[in-house]
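Here's a quick briefing to read with the model open.

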Amino acid sequence: MEEERMSSSWSKLPLELASRILSYIPHKNHATFRAVCKSWSCVLPFHEQHRSPLLFLFQGDQYRLFNPIHNTYQMSIQQPPNTEILYSNFGWLLMRALLHFDPSIFFFNIFTKERIDLPCFCPPLTRFSSNFPVNLQNAKFSFSSSPTSSDCSVVGVIVVSRLARICLTKPGEKNWIVKDIDFTTSNKPCFFMSECNPIFHNGQCFCLDIDGRVAIFDLKDPEGTWRICGKPFSCRSEYGRQVFMVESDGELLSAAVSEEGQIQIYKLHSSRVDWINMTNLDNKILYLSYYGSHIETTNFKGMGNKIYFPKFEGDRMVFYSFDTKKYHSYGDKFRSENVYNLSQPMYFTWIKPMF
(Lines give C-alpha, C1' and ligand atoms only; values in the text may rest on other atoms or scores of the structure.)
Protein backbone atom coordinates (compact mmCIF):
# COMPACT_ATOMS: atom_id res chain seq x y z
CA MET A 1 0.00 0.00 0.00
CA GLU A 2 2.79 2.37 0.97
CA GLU A 3 4.66 1.46 -2.23
CA GLU A 4 1.62 2.34 -4.36
CA ARG A 5 1.25 5.67 -2.55
CA MET A 6 4.90 6.55 -3.17
CA SER A 7 4.64 5.56 -6.84
CA SER A 8 1.57 7.74 -7.22
CA SER A 9 3.40 10.67 -5.56
CA TRP A 10 6.33 10.43 -7.98
CA SER A 11 4.01 10.28 -10.99
CA LYS A 12 2.29 13.49 -9.87
CA LEU A 13 5.56 15.42 -9.72
CA PRO A 14 5.31 18.40 -12.12
CA LEU A 15 7.03 17.53 -15.39
CA GLU A 16 9.01 20.78 -15.34
CA LEU A 17 10.53 19.75 -11.99
CA ALA A 18 11.17 16.22 -13.28
CA SER A 19 12.88 17.77 -16.30
CA ARG A 20 15.12 19.87 -14.07
CA ILE A 21 16.04 16.80 -11.98
CA LEU A 22 16.91 14.83 -15.13
CA SER A 23 19.21 17.65 -16.25
CA TYR A 24 21.53 16.88 -13.31
CA ILE A 25 21.57 13.11 -13.81
CA PRO A 26 24.36 11.53 -15.94
CA HIS A 27 23.19 10.63 -19.44
CA LYS A 28 23.89 6.92 -18.88
CA ASN A 29 21.19 6.86 -16.14
CA HIS A 30 18.46 8.62 -18.15
CA ALA A 31 16.82 5.31 -19.15
CA THR A 32 16.53 4.27 -15.50
CA PHE A 33 15.02 7.65 -14.63
CA ARG A 34 12.35 7.31 -17.36
CA ALA A 35 11.46 3.82 -16.10
CA VAL A 36 10.33 5.15 -12.70
CA CYS A 37 6.75 5.76 -13.86
CA LYS A 38 4.70 6.24 -17.01
CA SER A 39 4.51 10.05 -16.74
CA TRP A 40 8.33 10.27 -16.68
CA SER A 41 8.85 8.06 -19.72
CA CYS A 42 8.91 10.98 -22.18
CA VAL A 43 10.62 13.59 -19.99
CA LEU A 44 13.53 15.42 -21.63
CA PRO A 45 16.32 17.18 -19.74
CA PHE A 46 15.38 20.77 -19.07
CA HIS A 47 18.27 22.14 -21.13
CA GLU A 48 17.09 20.16 -24.17
CA GLN A 49 13.66 21.77 -23.98
CA HIS A 50 14.82 25.20 -22.94
CA ARG A 51 18.37 25.73 -24.19
CA SER A 52 18.75 29.27 -22.95
CA PRO A 53 21.49 31.64 -24.02
CA LEU A 54 24.51 31.52 -21.73
CA LEU A 55 26.23 34.55 -20.27
CA PHE A 56 29.84 34.75 -21.41
CA LEU A 57 31.69 36.87 -18.84
CA PHE A 58 35.10 37.70 -17.48
CA GLN A 59 35.36 36.83 -13.79
CA GLY A 60 38.51 36.95 -11.73
CA ASP A 61 41.22 36.04 -14.21
CA GLN A 62 39.24 33.80 -16.52
CA TYR A 63 36.30 33.73 -18.93
CA ARG A 64 33.31 31.66 -17.86
CA LEU A 65 29.88 30.59 -19.11
CA PHE A 66 26.96 31.14 -16.76
CA ASN A 67 23.57 29.43 -17.14
CA PRO A 68 20.87 31.89 -15.98
CA ILE A 69 18.17 29.23 -15.63
CA HIS A 70 20.17 26.83 -13.45
CA ASN A 71 22.11 29.73 -11.89
CA THR A 72 25.33 27.75 -12.29
CA TYR A 73 28.65 28.16 -14.08
CA GLN A 74 28.96 25.77 -17.01
CA MET A 75 32.68 25.88 -17.79
CA SER A 76 35.78 28.01 -18.07
CA ILE A 77 36.62 29.27 -21.57
CA GLN A 78 39.95 29.97 -23.22
CA GLN A 79 39.45 33.08 -25.34
CA PRO A 80 42.08 34.18 -27.89
CA PRO A 81 44.48 36.53 -26.04
CA ASN A 82 44.45 40.32 -26.53
CA THR A 83 40.99 40.36 -28.09
CA GLU A 84 37.55 41.75 -27.36
CA ILE A 85 34.02 40.92 -28.47
CA LEU A 86 32.23 43.03 -31.07
CA TYR A 87 29.02 41.03 -31.46
CA SER A 88 27.50 37.65 -30.62
CA ASN A 89 24.89 35.63 -32.53
CA PHE A 90 24.21 32.18 -34.02
CA GLY A 91 26.60 30.61 -31.49
CA TRP A 92 29.57 32.67 -32.77
CA LEU A 93 31.53 35.65 -31.48
CA LEU A 94 32.73 38.41 -33.78
CA MET A 95 36.02 39.62 -32.29
CA ARG A 96 38.85 42.05 -32.88
CA ALA A 97 42.49 42.21 -31.89
CA LEU A 98 43.31 44.77 -29.20
CA LEU A 99 46.87 45.41 -30.35
CA HIS A 100 47.32 48.78 -32.09
CA PHE A 101 49.35 47.30 -34.92
CA ASP A 102 46.87 44.47 -35.53
CA PRO A 103 43.59 45.48 -37.27
CA SER A 104 42.39 41.89 -37.61
CA ILE A 105 38.76 40.98 -37.10
CA PHE A 106 37.46 37.42 -37.02
CA PHE A 107 34.73 34.98 -35.99
CA PHE A 108 35.41 32.63 -33.10
CA ASN A 109 33.36 29.68 -31.84
CA ILE A 110 34.06 29.14 -28.14
CA PHE A 111 32.58 25.64 -28.23
CA THR A 112 34.55 24.24 -31.19
CA LYS A 113 37.53 26.72 -31.10
CA GLU A 114 37.00 27.33 -34.83
CA ARG A 115 38.21 30.66 -36.18
CA ILE A 116 37.17 32.37 -39.44
CA ASP A 117 39.16 35.47 -40.42
CA LEU A 118 37.69 38.53 -42.13
CA PRO A 119 39.57 41.24 -44.04
CA CYS A 120 41.55 43.56 -41.80
CA PHE A 121 39.42 46.55 -40.84
CA CYS A 122 41.30 49.26 -42.75
CA PRO A 123 38.64 50.89 -44.96
CA PRO A 124 40.08 53.04 -47.77
CA LEU A 125 40.15 56.80 -47.44
CA THR A 126 37.20 58.72 -48.88
CA ARG A 127 36.10 62.33 -49.09
CA PHE A 128 34.55 62.03 -45.62
CA SER A 129 37.63 60.57 -43.97
CA SER A 130 38.57 63.74 -42.15
CA ASN A 131 35.29 63.50 -40.24
CA PHE A 132 35.68 59.84 -39.38
CA PRO A 133 38.20 58.25 -37.06
CA VAL A 134 38.43 55.02 -39.05
CA ASN A 135 38.91 52.41 -36.34
CA LEU A 136 37.07 49.64 -34.61
CA GLN A 137 36.43 51.56 -31.39
CA ASN A 138 33.93 53.79 -33.18
CA ALA A 139 32.09 51.06 -35.12
CA LYS A 140 29.13 48.89 -34.16
CA PHE A 141 29.03 45.49 -35.85
CA SER A 142 26.53 42.80 -36.75
CA PHE A 143 26.27 39.78 -39.03
CA SER A 144 23.25 38.32 -40.77
CA SER A 145 23.72 34.56 -40.29
CA SER A 146 26.22 31.94 -39.21
CA PRO A 147 29.67 32.66 -40.72
CA THR A 148 29.67 29.12 -42.14
CA SER A 149 26.62 30.06 -44.25
CA SER A 150 27.12 31.22 -47.83
CA ASP A 151 24.77 34.20 -47.30
CA CYS A 152 26.52 35.61 -44.23
CA SER A 153 27.06 39.38 -44.43
CA VAL A 154 28.99 41.49 -41.93
CA VAL A 155 28.31 45.18 -41.38
CA GLY A 156 30.15 47.83 -39.40
CA VAL A 157 28.43 51.17 -38.79
CA ILE A 158 29.97 54.46 -37.68
CA VAL A 159 27.75 57.48 -37.15
CA VAL A 160 28.96 60.99 -36.35
CA SER A 161 26.07 63.46 -36.08
CA ARG A 162 24.81 63.76 -39.68
CA LEU A 163 27.46 61.58 -41.33
CA ALA A 164 27.41 57.82 -41.52
CA ARG A 165 29.90 55.24 -42.72
CA ILE A 166 28.73 51.73 -43.62
CA CYS A 167 31.37 49.01 -44.04
CA LEU A 168 30.36 45.66 -45.58
CA THR A 169 32.13 42.35 -46.14
CA LYS A 170 31.62 38.58 -46.14
CA PRO A 171 33.70 35.61 -45.00
CA GLY A 172 36.15 34.83 -47.78
CA GLU A 173 36.24 38.38 -49.15
CA LYS A 174 39.54 40.28 -49.30
CA ASN A 175 38.26 43.80 -48.62
CA TRP A 176 35.53 45.87 -47.02
CA ILE A 177 33.07 47.81 -49.18
CA VAL A 178 32.70 51.32 -47.77
CA LYS A 179 29.66 53.56 -48.25
CA ASP A 180 29.73 57.08 -46.82
CA ILE A 181 26.42 58.86 -46.34
CA ASP A 182 26.03 62.60 -45.86
CA PHE A 183 22.64 63.71 -44.56
CA THR A 184 23.68 67.16 -43.37
CA THR A 185 21.09 68.73 -45.68
CA SER A 186 18.29 66.65 -44.17
CA ASN A 187 15.75 68.30 -41.88
CA LYS A 188 15.85 65.24 -39.64
CA PRO A 189 17.38 65.64 -36.14
CA CYS A 190 20.90 64.40 -35.49
CA PHE A 191 21.23 60.65 -35.10
CA PHE A 192 23.24 59.74 -32.01
CA MET A 193 24.11 56.06 -32.36
CA SER A 194 23.43 54.05 -29.21
CA GLU A 195 25.70 51.35 -27.82
CA CYS A 196 23.27 48.82 -29.30
CA ASN A 197 24.60 46.84 -32.27
CA PRO A 198 22.80 47.01 -35.64
CA ILE A 199 20.18 44.38 -36.48
CA PHE A 200 19.64 42.63 -39.83
CA HIS A 201 15.93 42.53 -40.59
CA ASN A 202 14.15 41.81 -43.89
CA GLY A 203 17.30 42.39 -45.92
CA GLN A 204 17.99 45.76 -44.31
CA CYS A 205 20.22 46.98 -41.52
CA PHE A 206 18.50 48.75 -38.61
CA CYS A 207 20.35 51.01 -36.16
CA LEU A 208 18.95 52.48 -32.96
CA ASP A 209 19.89 55.86 -31.52
CA ILE A 210 19.95 56.81 -27.84
CA ASP A 211 16.46 58.36 -27.98
CA GLY A 212 14.77 55.56 -29.93
CA ARG A 213 14.97 56.79 -33.52
CA VAL A 214 15.71 54.16 -36.16
CA ALA A 215 18.10 54.47 -39.09
CA ILE A 216 17.57 52.00 -41.93
CA PHE A 217 20.15 51.08 -44.55
CA ASP A 218 19.36 48.84 -47.52
CA LEU A 219 22.39 46.60 -48.12
CA LYS A 220 21.48 46.17 -51.80
CA ASP A 221 20.96 49.85 -52.53
CA PRO A 222 23.89 51.08 -54.68
CA GLU A 223 23.11 54.70 -53.73
CA GLY A 224 23.57 53.94 -50.07
CA THR A 225 20.28 55.46 -48.90
CA TRP A 226 20.10 56.06 -45.15
CA ARG A 227 16.61 56.70 -43.75
CA ILE A 228 15.99 58.03 -40.26
CA CYS A 229 12.52 57.08 -39.07
CA GLY A 230 10.36 56.92 -36.01
CA LYS A 231 9.83 59.09 -33.00
CA PRO A 232 11.82 59.15 -29.75
CA PHE A 233 10.76 56.88 -26.89
CA SER A 234 9.81 59.97 -24.89
CA CYS A 235 9.71 63.73 -25.30
CA ARG A 236 13.10 64.17 -23.62
CA SER A 237 16.40 62.36 -23.44
CA GLU A 238 16.98 60.52 -20.19
CA TYR A 239 20.40 60.47 -18.59
CA GLY A 240 21.78 56.99 -18.04
CA ARG A 241 19.13 55.24 -20.12
CA GLN A 242 20.20 52.08 -21.94
CA VAL A 243 18.49 50.96 -25.12
CA PHE A 244 18.51 47.54 -26.78
CA MET A 245 17.05 46.01 -29.94
CA VAL A 246 16.31 42.42 -30.93
CA GLU A 247 14.40 40.55 -33.65
CA SER A 248 11.53 38.30 -32.57
CA ASP A 249 9.37 36.21 -34.93
CA GLY A 250 9.92 38.59 -37.83
CA GLU A 251 9.38 41.73 -35.73
CA LEU A 252 11.78 44.18 -34.14
CA LEU A 253 11.51 44.80 -30.40
CA SER A 254 13.36 47.35 -28.32
CA ALA A 255 13.83 47.84 -24.60
CA ALA A 256 14.58 51.10 -22.81
CA VAL A 257 16.02 50.73 -19.32
CA SER A 258 16.31 53.76 -17.05
CA GLU A 259 19.25 54.31 -14.72
CA GLU A 260 17.27 53.03 -11.73
CA GLY A 261 16.04 49.98 -13.69
CA GLN A 262 12.56 50.91 -14.88
CA ILE A 263 11.80 49.09 -18.13
CA GLN A 264 9.65 49.83 -21.15
CA ILE A 265 9.45 47.55 -24.18
CA TYR A 266 8.30 48.46 -27.69
CA LYS A 267 7.44 46.80 -31.00
CA LEU A 268 8.29 48.47 -34.31
CA HIS A 269 5.27 49.17 -36.51
CA SER A 270 6.32 47.81 -39.91
CA SER A 271 4.68 50.45 -42.11
CA ARG A 272 4.87 53.61 -39.96
CA VAL A 273 8.28 52.64 -38.55
CA ASP A 274 7.18 53.90 -35.13
CA TRP A 275 7.54 52.20 -31.77
CA ILE A 276 4.39 50.78 -30.17
CA ASN A 277 4.23 50.32 -26.40
CA MET A 278 4.05 46.74 -25.11
CA THR A 279 2.90 45.84 -21.62
CA ASN A 280 4.41 42.35 -21.39
CA LEU A 281 6.34 39.62 -23.20
CA ASP A 282 3.74 36.85 -22.74
CA ASN A 283 5.62 33.53 -23.04
CA LYS A 284 8.92 35.04 -24.15
CA ILE A 285 12.19 35.56 -22.28
CA LEU A 286 14.45 38.45 -23.24
CA TYR A 287 18.23 38.38 -22.66
CA LEU A 288 19.81 41.83 -22.93
CA SER A 289 23.37 42.97 -23.60
CA TYR A 290 24.96 45.48 -25.94
CA TYR A 291 27.03 42.88 -27.79
CA GLY A 292 24.10 40.62 -28.57
CA SER A 293 20.55 40.37 -27.22
CA HIS A 294 18.37 37.30 -27.63
CA ILE A 295 14.72 36.42 -27.20
CA GLU A 296 13.34 32.92 -26.61
CA THR A 297 9.86 31.39 -26.40
CA THR A 298 9.12 29.01 -23.55
CA ASN A 299 6.24 26.59 -23.03
CA PHE A 300 6.90 26.26 -19.30
CA LYS A 301 4.37 27.99 -17.09
CA GLY A 302 5.92 30.80 -15.05
CA MET A 303 9.14 30.96 -17.08
CA GLY A 304 8.08 33.59 -19.63
CA ASN A 305 7.45 37.33 -19.38
CA LYS A 306 10.93 37.95 -17.97
CA ILE A 307 14.08 39.86 -18.87
CA TYR A 308 17.54 38.61 -17.90
CA PHE A 309 20.32 41.13 -17.37
CA PRO A 310 23.96 40.46 -16.60
CA LYS A 311 23.32 41.76 -13.07
CA PHE A 312 23.90 39.86 -9.84
CA GLU A 313 22.69 40.00 -6.27
CA GLY A 314 25.54 38.31 -4.49
CA ASP A 315 26.31 35.21 -6.59
CA ARG A 316 22.81 34.93 -8.06
CA MET A 317 21.72 36.43 -11.35
CA VAL A 318 18.62 38.59 -11.22
CA PHE A 319 15.81 38.90 -13.72
CA TYR A 320 12.97 41.36 -14.20
CA SER A 321 9.41 40.04 -14.11
CA PHE A 322 6.65 41.89 -15.94
CA ASP A 323 4.15 40.02 -13.76
CA THR A 324 5.40 41.64 -10.53
CA LYS A 325 7.20 44.70 -12.00
CA LYS A 326 10.16 43.77 -9.81
CA TYR A 327 13.62 42.25 -9.99
CA HIS A 328 14.03 38.75 -8.57
CA SER A 329 16.53 35.91 -8.34
CA TYR A 330 15.82 32.18 -8.26
CA GLY A 331 16.13 30.30 -5.01
CA ASP A 332 15.87 33.15 -2.50
CA LYS A 333 13.55 35.94 -1.39
CA PHE A 334 15.32 38.78 -3.18
CA ARG A 335 13.01 41.28 -4.86
CA SER A 336 13.53 44.91 -5.71
CA GLU A 337 11.91 47.66 -7.75
CA ASN A 338 15.31 49.02 -8.86
CA VAL A 339 18.83 47.86 -9.73
CA TYR A 340 20.64 49.74 -6.99
CA ASN A 341 23.20 47.64 -5.09
CA LEU A 342 23.32 45.03 -7.88
CA SER A 343 26.68 44.17 -9.41
CA GLN A 344 27.48 43.74 -13.09
CA PRO A 345 30.55 42.17 -14.74
CA MET A 346 32.75 44.49 -16.76
CA TYR A 347 32.99 42.27 -19.82
CA PHE A 348 30.08 40.10 -20.98
CA THR A 349 27.68 39.04 -23.71
CA TRP A 350 25.00 36.43 -24.26
CA ILE A 351 25.80 33.51 -26.51
CA LYS A 352 23.34 30.91 -27.76
CA PRO A 353 24.67 27.33 -28.07
CA MET A 354 23.75 26.01 -31.53
CA PHE A 355 24.17 22.28 -30.88
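Which residues point one way from S10, and which the other way? Leu163, Arg165, Cys167 and Thr169 take one side, Ala164, Ile166 and Leu168 take the other, and all are buried. Keep in mind that this is a predicted model, where local features need pLDDT of at least 70, side-chain atom pairs count only at pLDDT 80 or more, and totals for chains, interfaces and linings use all residues. Residues are numbered from 1 along each chain as its sequence is written, and side-chain values use heavy atoms, with hydrogens and water left out.

**Confidence**
- The protein chain has a mean pLDDT (the predictor's confidence in each residue, from 0 to 100) of 81, and 79% of its residues reach 70 or more.
- Helices (H or I, at least four residues) and strands (E, at least two) are DSSP runs, numbered from the N terminus.

- Seven of the seven residues in strand S10 (residues 163-169) are buried, meaning under 20% relative accessible area, with exposed over 50% and partly exposed in between (1.4 Å probe, protein chains only).
- In a regular strand the side chains alternate between the two faces of the sheet.
- S10 pairs with strand S9 (residues 154-160) in the antiparallel sense over seven bridges, and two strands pair if DSSP finds at least two bridges between them.
- Val160 sits opposite Leu163 in S10.
- On S10's pairing with strand S11 (residues 177-182), the sense is antiparallel over six bridges, with Ala164 opposite Ile181 in S11.

**Cysteines**
- There are zero disulfides in the whole structure, a disulfide being a pair of cysteine sulfur atoms within 2.5 Å.
- Cys152 counts as buried because its relative accessibility is 1%.
- Cys229 is buried too, at a relative accessible area of 11%.

**The largest pocket**
- The largest pocket is lined by 20 residues, and Asn89, Phe90, Glu247, Ser293 and His294 lie nearest its centre.
- A pocket is an open set of points on a 1 Å grid over the protein atoms alone, with protein on both sides within 12 Å along at least five of seven lines; lining residues have an atom within 4 Å of a point.
- Strands supplying at least two lining residues each include S4 (83-89), S8 (140-143) and S16 (242-248).

Conventions
1 Å grid on protein atoms, 1.4 Å probe; cavity = no way out; pocket = protein on both sides within 12 Å on 5 of 7 lines; lining within 4 Å.
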